[in-house]
Amino acid sequence: MMEGFTRKISKDNLRSALGKENLKSALEKIPLKEKLLLAASTIPFIAASTMSSSCATTCPYGMVNDPFPGQCSRYIDLDGDGMCDLSQVTTAAQTTDTTTTTTDDTSTGTDSGQGNGAHAEVQDPVDANATTIQDTPSMDSGNLGGDGNNYLVLPISMLIIGGYLVTHFLFKKGILKRNKHRRIWNLLLTAGYLGSGGTGVILAVLINMGIRTALNPSLIFWHVELSILMVVGTLIHLHIYRKPFRNMFRVLFGFKSNSRRRDPNRAEGTSK
Amino acid sequence: MVYDLVLPALPFIGGYLFTYSLYRMDLIRKALHINIWNFIIGVAFLISGGAGFLLLLFMEFGVKLPINPQLLYWHVELGVTLALVTIFHFHTYWKSSKTMFFPAKRRVKT
């Protein structure tokens with residue numbers, strides 16, 4: 001039995017199976033739609049691989065000495081001097097860096113913590129000796145599954161796209177009904193919009209009113225996470241309702257569409 | 001930076017009421033009314049989502065650009081518009097939205 005098996009996977013068989021012609025013909029057999037779906041599913045991987053793991057916790061908008069209430073929702077003032085700590089110059093001596101760095105050579109230091117000062121630029125020599133308290137990971141994320149610089153873009157995108165591919169496959173095989181398939185993704189999209197929109201509006205109101213609460217970092221974290229669900233969910237929504245989406249351009253701009261009208265009683269150019 | 005939450009929403013509320021009344025008075029087709037607002041929600045999504053994604057990337061890479069505060073401002077403003085137009089979207093597709101939240105079987109009166 002073993003001999004038969006080894007014969008089957010002999011070198012020659014493998015070579016012929018993995019031959020250029022065989023691979024080419026196998027690739028040609030895959031429909032263009034599936035190729036596009038496969039290509040689309042690799043986007044998050046590429047995006048994640050290009051993202052830097054070490055990120056600056058200095059002001060992401062490049063502001064210096066941003067006064068209260070701050071130009072953005074990330075305003076934080078632990079030392080109570082009325083300036084956003086992120087916009088102030090940090091001294092390397094106060095950080096928990098394993099290597100000692102100086103203010104002249106901040107870009108070469110390696111961080112063991114959150115990377116404070118890794119990309120810092122000394123823009124105001126007067127403040128070079130200012131004491132700034134190091135941000136703890138929880139300050140940015142609210143202890144909710146990731147630090148402020150790690151918004152889990154890749155895992156969430158992968159989960160959503162993977163989930164869609166599974167339900168799409170089940171729907172194509174007839175295991176999942178069309179209505180159920182649509183309902184699942186419409187509900188997820190609604191959850192994404194409600195969560196992202198709700199947290200966004202709350203954050204905007206808090207910033208406008210100058211209210212700073214301990215919940216702000218958590219709100220920002222969940223705003224970003226739910227926005228990922230919203231964006232990927234919207235792209236899936238466009239894929240599910242691609243025919244009415246194409247019709248939209250035809251109705252508004254007169255572009256030609258290849259889709260055929262099946263039901264003459266149906267409202268033209270709408271999905272329902 | 002103070003964000004306007006009400007002012008940018010007013011033209012959209014007025015616009016929706018305008019096209020909706022035109023459709024109700026049979027002056028425009030339903031498809032046109034729906035597609036205008038589908039297009040607006042798409043544009044708001046593109047700008048707000050695009051700006052948000054760019055800001056996220058800039059933060060990840062530690063990129064500081066002078067346009068970042070403007071990008072954040074328009075992300076918030078268009079985000080407010082997107083939230084509002086999403087409510088209109090639910091109103092437009094109310095029948096199927098109802099089915100989504102409450103399946104047809106549950107809505108049958110006993």
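**Figure 1. Buried residues of helix α10(A).** In α10(A), the buried residues include A:Asn247, A:Met248 and A:Val251; a residue is buried if 20 or more other C-beta atoms lie within 10 Å of its own, exposed if 12 or fewer, and partly exposed in between, with C-beta atoms placed from the backbone. These three lie on the same side of α10(A), because they cover an arc of only 115° around the axis, the arc being that of the directions from the helix axis to the C-beta atoms. The buried residues of α10(A) pack against α2 (30-61) of chain B. Exposed A:Arg242 and A:Phe253 sit on the face of α10(A) turned away from its buried side. This is a predicted model, in which local features need pLDDT of at least 70, side-chain atom pairs count only at pLDDT 80 or more, and totals for chains, interfaces and linings use all residues. Residues are numbered from 1 along each chain as its sequence is written, while chains are lettered from A and ligands numbered from 1 in the order in which they are written.

**Figure 2. Span and end of helix α10(A).** Helix α10 of chain A (residues 242-253) has 12 residues and reaches 17 Å from its first C-alpha to its last, close to the 16 Å expected at 1.5 Å a residue; the expected span is 1.5 Å times one less than the number of residues. Just after α10(A), A:Gly254 takes a positive phi of about 75°. Chain A has 10 helices and zero strands, where helices (H or I, at least four residues) and strands (E, at least two) are DSSP runs, numbered from the N terminus.

**Figure 3. The largest nonpolar core.** A nonpolar core is a set of buried Ala, Val, Leu, Ile, Met, Phe, Trp, Tyr and Cys residues joined through C-beta atoms within 7 Å. Of the 21 residues in the largest one, A:Ile228, A:Leu229 and A:Val232 touch the most other members. In chain A, α7 (153-172), α8 (178-209) and α9 (216-240) each supply at least two residues of this core, and the largest share, 11 residues, comes from α9(A).

**Figure 4. Contacts of A:Leu229.** Leaving aside neighbours within four places in sequence, A:Leu229 is in contact with A:Ile156, A:Ile160, A:Leu188, A:Ala191 and A:Gly192; contact means C-beta atoms, placed from the backbone, within 7 Å.

**Figure 5. Confidence in chain B.** The mean pLDDT of chain B is 88, and 94% of its residues reach 70 or more; pLDDT is the predictor's confidence in each residue, from 0 to 100. Among the elements of chain B, helix α5 (residues 104-107) has the lowest mean pLDDT (62) and helix α1 (residues 9-24) the highest (95).

Notes: Contact = placed C-beta atoms within 7 Å.
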